[in-house]
Amino acid sequence: MTNLSDRQQLSFIASQAADARLNVELETEGMTLNIGPQHPATHGTLRIICRLDGEQVVWAEPSCGYMHRGYEKLTEVRTFPQVTSLVNRIDWLGSFANEVPFILAAEKLMEVEAPPRAQVIRTILFELSRIANVTLFLGDLGVQMGAITPVFIAFRDREYVLNLIEGATGGRFHPNFDRIGGLKDDLPKGWIDETRQTMVKLRKFCDIIEDLLFGNEIFQSRMRGIGIIPADVAKDYGLTGANLRASGVDYDLRRDQEIALSYDKVDFTVWTHPDGDSWARCWVRLQETREACKIVEQLLDQIPAGPIMTKVPRIIKVPAGEAWVSTENPLGEMGYYVVSKGDLGPFRVKIRSASFNNISIVPWALKGVYVPDIITILASLYFILGDIDR
Amino acid sequence: MGLVDRGRMPAPLTKLFNMSRSYSLWVYQWGLACCAIEMGAAFGSPRYDVMRLGVIPLPASPRQADFVCISGTVTDKMAPAVKRLWEQMPEPKYAISMGSCANCGGPYWDSYSVTKGVDQIIPIDVYVPGCPPRPEALLEGIVLLQQRIKNEDMAAKWRGDEFTTQQATRERERIAAAPAISAPAIPDREPIVVGGGPIE
Amino acid sequence: MSDATDTDEQPLALPGDGLREGIIEDLRRRIGGGVVDTHITPNDDLWIRVQTGAWRQTAEALKAAGFTHFSFISGLDWMPSPYGTGESDPTAEPKELDTEIRQGVTGGETRFQVFARLVDLDRHVGVTIKADVPDEPFAVDSWSMVFAGANWHERECHEMFGIGFNGHPDLRNMYLPTDFEGYPLRKDFPLLARMIKPWPGIVDVEPMPVQPEPAGEPATQDTEST
């Protein structure tokens, strides 16, 4: 929190009193403001209906469903490989990360494990998709605060990561590269060196953004102290990812659960911040991008030789059972509860997407804030519409 | 100008206007889903810069836009908003449908809440297939749209005809001016074929 | 795992570290007979099925036991789809459809179940809780006064399955337009696009071109006929 001098505090109180007097005289209560569904500040088609009293929000409600594509119903009529290709499009910025928990759940039901080489490459691609995702977040953060330059830098530096993902998988996003039992293909020649060089560039990007955005006085005064979410409220609503860690809760699924990814081979820090305000959430994400670069660099030195896929039958029938796998995706915790009856496709898939819980706190968080802070809080909570609406 | 709607625009002036229109397009980005990111990469990133084609990306409102690029899945809940956006745009307006979701429903062709193609709601000029299409594919779509605008008959567009290219107008005029197909003339004499052989 | 040849004494160590068994014992102590069935995959995951009447009580008990992080609530429809699953070959004989309702892990008695997941962030363990939804009244108690985040999840579960939640402040549609008819995630809700034109399955898109028959005698000089 910033330190205000006595004089500043007195003038703040005087301005609040003047505000209140004006509100009584002017009767500014009860204006309904509709943000969206098409609005440059929302990451897609989110509609927020706010009821205002002057400049303050009395009541706010997000109205979702403008991107609801019916994923859970669609997965019931598709085979497992088809579901993999469909599921990339939930969190469409870091697409590889969406396939991984689903494939891990199917592998758990089939009781196969991907060979070590495939696990390490899976983890590398997972972290690359995290970098691709959060890079755009950092750029968009500027746009939502009114600074246009960072988004051009973000798109430019994101292109390097997309080039890498395209080189390995063939698709810039929506790679559809994970298979039950391993990966589709091995890495091309020269990819590892290219990745090392790209990580250097991405670290430089993080430094540029820290300087340009986070060091900016206007940005700091707009972000600090806004939208404080205490830890117990965060846990009640089920916030995950950087939102939870920025409220001081030390929980990271990469470190805290045993999963068939290679996080036990690397050494990384889990960043938390005690404040729980918008600044903390954005700062934690910046640090996580740096950590992701570090993880990729460490893993590149440790890729074991070996096959890229275990022996699985050509037509995959997953045995009956239920499995839950969740991973630390770029947006938060994403999990799949897969129910299988022994068919070619799943019987029911429940997709636990991170942004749904992250945005469910918006009615609570927006009570009593000023209108410009609505965008600040939404920007710092960071959601992708495909993740909310599935 | 009265010349446009009466179709009396002289050809060099039409060519000049069409060329200047096609190189100063203001595009409204209606980005809904994953294709919006590729559209952002095409329009906003320094690598696939769209401004070099004469297309400017960020209008302040749809009322100032020349064409709209609908990218991403259109759901039934969102469809009225798309229609309202289209009605807000002033003529002459064009639409590009980007991505397979906007073209035909895409991977969600069997969903209960997805509109199977935005052309059910608004008329589309260029379809850009892909999931998502590369930024270069979108730029090709824009170049094709520019070619269409260069070949456009402004009077037909003003009237709201379905086919507005100059070739279509020429074809229509040719068909209208062509003489009616008459019956074949009855020959004076019957050719006699004895034992076969070529007919005189 | 216990030694299979050791038949004269009970295995001393459970397969696992006793953490999840301890959680079950704790819950049994708090809600008594509410716990109907449990299932543990060792060192991995835990499922508990509770009585419908004890649904909210379970949430309160687990929250008090340390499971303070709410993950999700959703529903399960165990009836196999009468329309079949779309991946079967439409040119083959339609198979006899399986209509038996078989619930999954931890069993059940009804066609519909609700299930939820809670996580204990300190002990790093999660639990999946299930409960049957009776046919009449087709509702369970709401969790929204225990976990605030349950509000939205219950709205989504209601619009997708039709399950009511007693005590929920505002049970309206989350994703679907207000005038949508039907409950989409039920198995008897058809996907109309698939009924009109079924997915063709694995097709050979373009068959190989037909090879011309090789001529027996050498080709004659083929000039144009005069």
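## A buried lysine

A:K350 counts as buried because its relative accessibility is 1%; buried means under 20% relative accessible area, exposed over 50%, and partly exposed in between, with a 1.4 Å probe and protein chains only. A:K350 sits in strand β8 of chain A, residues 348-352. Helices (H or I, at least four residues) and strands (E, at least two) are DSSP runs, numbered from the N terminus.

Which residues does A:K350 touch, not counting those up to four places away in sequence? From chain A come A:E72, A:G335, A:Y336, A:Y337 and A:R390. From chain C come C:F72, C:I73, C:S74, C:F115 and C:E156. Contact here means heavy atoms within 4.5 Å.

## Basis of the model

This is a predicted model, in which local features need pLDDT of at least 70 and side-chain atom pairs count only at pLDDT 80 or more, while totals for chains, interfaces and linings use all residues. Residues are numbered from 1 along each chain as its sequence is written, chains are lettered from A and ligands numbered from 1 in the order in which they are written, and side-chain values use heavy atoms, leaving out hydrogens and water.

## Chain A against chain C

The contact takes 45 residues from chain A and 52 residues from chain C. About 4100 Å² is buried between these chains, with 56% given by carbon and sulfur atoms. Buried area is the accessible area (1.4 Å probe) that two parts lose on being put together, summed over both. In chain A, the residues losing the most area to chain C are A:K73, A:D236 and A:E322. Together they make up 16% of what that side buries.

Eight salt bridges are counted between chain A and chain C. A salt bridge is a side-chain nitrogen of Lys or Arg within 4 Å of a carboxyl oxygen of Asp or Glu. A:E61 pairs with C:R172 in a salt bridge, with the closest N and O atoms 3.4 Å apart. Elements giving two or more residues to the chain A side include β3 (56-63), β8 and α13 (354-360). α13(A) gives the most, with four residues.

## Chain A against chain B

Here 33 residues of chain A meet 32 residues of chain B. The two chains bury about 2700 Å² between them, 60% of it on carbon and sulfur atoms. Four salt bridges cross the interface of chain A and chain B. In one salt bridge, A:E166 and B:R134 have their closest N and O atoms 2.5 Å apart. On the chain A side, α2 (71-74) and α6 (149-169) give two or more residues. The largest share, eight residues, comes from α6(A).

## The nonpolar core

The largest nonpolar core has 203 residues. Such a core is a set of buried Ala, Val, Leu, Ile, Met, Phe, Trp, Tyr and Cys residues joined through side-chain atoms within 4.5 Å. A:L128, A:F214, B:W30 and C:W143 have the most contacts inside the largest core. Helix α5 of chain A, residues 116-145, gives the most to this core, with 15 residues.
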